[in-house]
There are 4 protein chains.
Amino acid sequence: MTEGDEDDADAGGEVDLGRVLALSDGVFAIALTLLVLDIRIPDEVHGADFLRALSGLEPAIAGYLISYLVIGVLWLAHHRLFRELRVRHARIMSLNMVLLALVALLPFPSSLLAKHGDESVSYAVYAANVVAVFAVQTLIIAVSQRNGDLTPKPGRFPRFGWYLQPITASFVFVVWAVVAVSGHPGQANYAWWLLVPLVLVSRRLNQSKQVLPQH
Amino acid sequence: MTEGDEDDADAGGEVDLGRVLALSDGVFAIALTLLVLDIRIPDEVHGADFLRALSGLEPAIAGYLISYLVIGVLWLAHHRLFRELRVRHARIMSLNMVLLALVALLPFPSSLLAKHGDESVSYAVYAANVVAVFAVQTLIIAVSQRNGDLTPKPGRFPRFGWYLQPITASFVFVVWAVVAVSGHPGQANYAWWLLVPLVLVSRRLNQSKQVLPQH
Amino acid sequence: MTEGDEDDADAGGEVDLGRVLALSDGVFAIALTLLVLDIRIPDEVHGADFLRALSGLEPAIAGYLISYLVIGVLWLAHHRLFRELRVRHARIMSLNMVLLALVALLPFPSSLLAKHGDESVSYAVYAANVVAVFAVQTLIIAVSQRNGDLTPKPGRFPRFGWYLQPITASFVFVVWAVVAVSGHPGQANYAWWLLVPLVLVSRRLNQSKQVLPQH
Amino acid sequence: MTEGDEDDADAGGEVDLGRVLALSDGVFAIALTLLVLDIRIPDEVHGADFLRALSGLEPAIAGYLISYLVIGVLWLAHHRLFRELRVRHARIMSLNMVLLALVALLPFPSSLLAKHGDESVSYAVYAANVVAVFAVQTLIIAVSQRNGDLTPKPGRFPRFGWYLQPITASFVFVVWAVVAVSGHPGQANYAWWLLVPLVLVSRRLNQSKQVLPQH
């Protein structure tokens, strides 16, 4: 009896993946939608004050878009990973709950950044939360590959290819936070430009060589 | 190797449409339900003040109904579009995420309109958000038709028929906002009457000529 | 070409019922869960004040339970109705959107009752909202029966049996609101006892005479 | 005609389990995600005050993690239970609605604990809510076993094995609340260590003796 069997026995058999994904999609959808609650202006402003309050929302709206993008990318990564997982052990389900806990937490640093974007610590807290999500995603990849449950990537690096996205994205967030904490919050957003070469390299490494039949 | 194939390869194969729609339905459901949070009266009012506060909610309730209608129509359009998409490329999925970002944003202009309906800028912000959703919907239609993935409309204009609803609805919202911004917020709602002839014409253009078998 | 066909043609063919129910379940789930946000005590109370604030929550908790029960019963009715609908026209889908608008609105009168339970108008607003939901449910039943799309009830009244629950429940809510508005908010809750004979009669009328095979 | 048949007849036939689980997953997902709303700092703090406010969030974040863990464990138990239920009676569906009412209520004691962790009564309210959820879960197990609808556990105690988790977890929460109410809120969290021996014993009792075929 291997450890994997014991794990299955403990969970009482097969995992109902449909429900795991339904819960996950629910948490992602709510996290995406709660972000809008940070965009608001006081009830009592009128005329010129109203216009000032409205144009003062710019950082909040930029924060909304960035956080939406981050949670959207995390969802796309979650979707891509679980589509390629063949056997699901109870352990993956527990790791998924930890991942969702960190996703559901994201509206907090997101709100921090929207309202306290001048404090460099906000950037560090935000990056820590995002990197933690990617770390759990990496752990799910590692556990699945050890059990032989993850379809290899079609490119040159069938195993390592899975790690490219979480590592790349975490690296960009760390650079972003380090620039902000070292006293240049205004310049932190230049770190996003790192994504251009990284995505290009990562695409090339994961590129399939054979032509896929159109289906 | 065509560009479409490359796109597929990058996404790592087939798209799990069930999850894309589950996330979409979640975002729509939450956007629909968050609207109610704008309808509230202070805790501390009693007697005649309570009745006054209650009847003062009329614009908030009207705003709730309009915004519910708008998000409801957007959902029906989303539902109709994705039902007729045969092949789903990763690019459609990314565009769908952009569409959802704009849907999840709608509670903000909706709240603006409910609380600051006397400011004409609120109408412009609201219309801009709705038109942006329709623009992304139009883009999804265009990309799908270029790939030959969208079932043609049964009427006289199999390709153009898909664009009728987003163009019609955007036009009405632009008229509505222009009337409001040009200093007549109170008369903007007359623009809705434009919907009557537009929907009638649009129905006739998309009307099938053969009798569909009842199933 | 009948009117029903035209309706189908306008909707562009079959309705994806899975998504309609997913959106419905999402709206019901969020309406159920938003209710808890009305149960809260001030941040700054301590010791004896804290205990007083806590025991002062009794009406809010009672309101939570009643509203949860009401939305729960509405969901069970929705679930029962859509399970027995064989063909779904686009018109049913539009009526379902109206029903969901009224369900998503329920947290408002629910919050009104929790915070302003001493004002008799709160009861009237609450009852009006609930009766409106049942009215739309009745309309969906009537439209479906006219199209021959609704499985008959197994009891003595195969058609009328479907109307028993919405009529019974609406009647109880009207009595409840009338008692409250006529100056006896404290005695309104006795109206719930009407449910006992009504449910018994309604069960008997819908009772099947043949023994169902256990499956 | 047995009582179970009557129950089925009343519900109008089979239960659409997909929707029951969709509603359940929605309620769990929202309860999980609402917890984050308790983690917030005032808008107007800056510099050293901001850092102080941020580090003052420690109990709120600890509370988030504990409540997330509790709701997560409740969801895993719900998932495990409904996977093994072969026939679903209408009565189970009603009990499930009661269970969801108590799950949807959890953000209230959770918020109480986050903001009033120094008041021992908060611990009692929290524990009462959690134990109530486990009590309803136990009732669902008992009703299902009486009807012969629940797959026996693979271990030595095929029937009793189902009760181990709710009893164990309730016991730990009662100890936790008793320690807090008897004047030692700070020491209540030591009660969690009880989980280590209890989980080990519970695993051993539910352990299968035969090797499960890998599927």
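**From the fold to the salt bridges**

Modeller: Chain A contains nine helices and zero strands, where helices (H or I, at least four residues) and strands (E, at least two) are DSSP runs numbered from the N terminus. This is a predicted model, in which local features need pLDDT of at least 70 and side-chain atom pairs count only at pLDDT 80 or more, while totals for chains, interfaces and linings use all residues. Residues are numbered from 1 along each chain as its sequence is written, chains are lettered from A and ligands numbered from 1 in the order in which they are written, and side-chain values use heavy atoms, with hydrogens and water left out.

Along the sequence, the pattern of chain A reads α-α-α-α-α-α-α-α-α. Of the 215 residues in chain A, 53% are buried; buried means under 20% relative accessible area, exposed over 50%, and partly exposed in between (1.4 Å probe, protein chains only). Chain A has an accessible surface of about 9,400 Å², and carbon and sulfur atoms account for 65% of that surface; such areas come from the Shrake-Rupley method with a 1.4 Å probe, and for residues only the protein chains shown count as cover. Among contacts in chain A between residues at least 6 apart in sequence, 73% join residues at least 24 apart, a contact being heavy atoms within 4.5 Å.

We now turn to the charged pairs. Over all chains, the structure holds 20 salt bridges, each a side-chain nitrogen of Lys or Arg within 4 Å of a carboxyl oxygen of Asp or Glu. In chain B, D38(B) is bridged to K115(B), with 3.9 Å between the closest N and O atoms. This pair links distant parts of the chain, 77 residues apart: D38(B) lies in the loop between α2 (17-34) and α3 (47-55) of chain B, and K115(B) in helix α6 (residues 107-115) of chain B. D38(B) is buried at a relative accessible area of 16%, whereas K115(B) is partly exposed at 29%.

In chain C, a salt bridge joins D38(C) and K115(C) at 3.9 Å, N to O. Here too distant parts of the chain are linked, since D38(C) sits in the loop between α2 (17-34) and α3 (47-55) of chain C and K115(C) in helix α6 (residues 107-115), 77 residues apart. D38(C) is buried, with 17% relative accessible area, and K115(C) is partly exposed at 29% relative accessibility. A network of salt bridges that share partners unites D38(A), K115(A) and D43(D).

Eight of the nine residues of α6(C) are buried: P107(C), F108(C), P109(C), S110(C), S111(C), L112(C), L113(C) and A114(C). These buried residues pack against α3 of chain B, as well as α2, α4 (58-84), α5 (90-105), α7 (120-146) and α8 (161-181) of chain C.

Beyond its neighbours within four places in sequence, W176(B) contacts L113(B), Y123(B), Y126(B), A127(B), A188(B), N189(B), A191(B) and W192(B).
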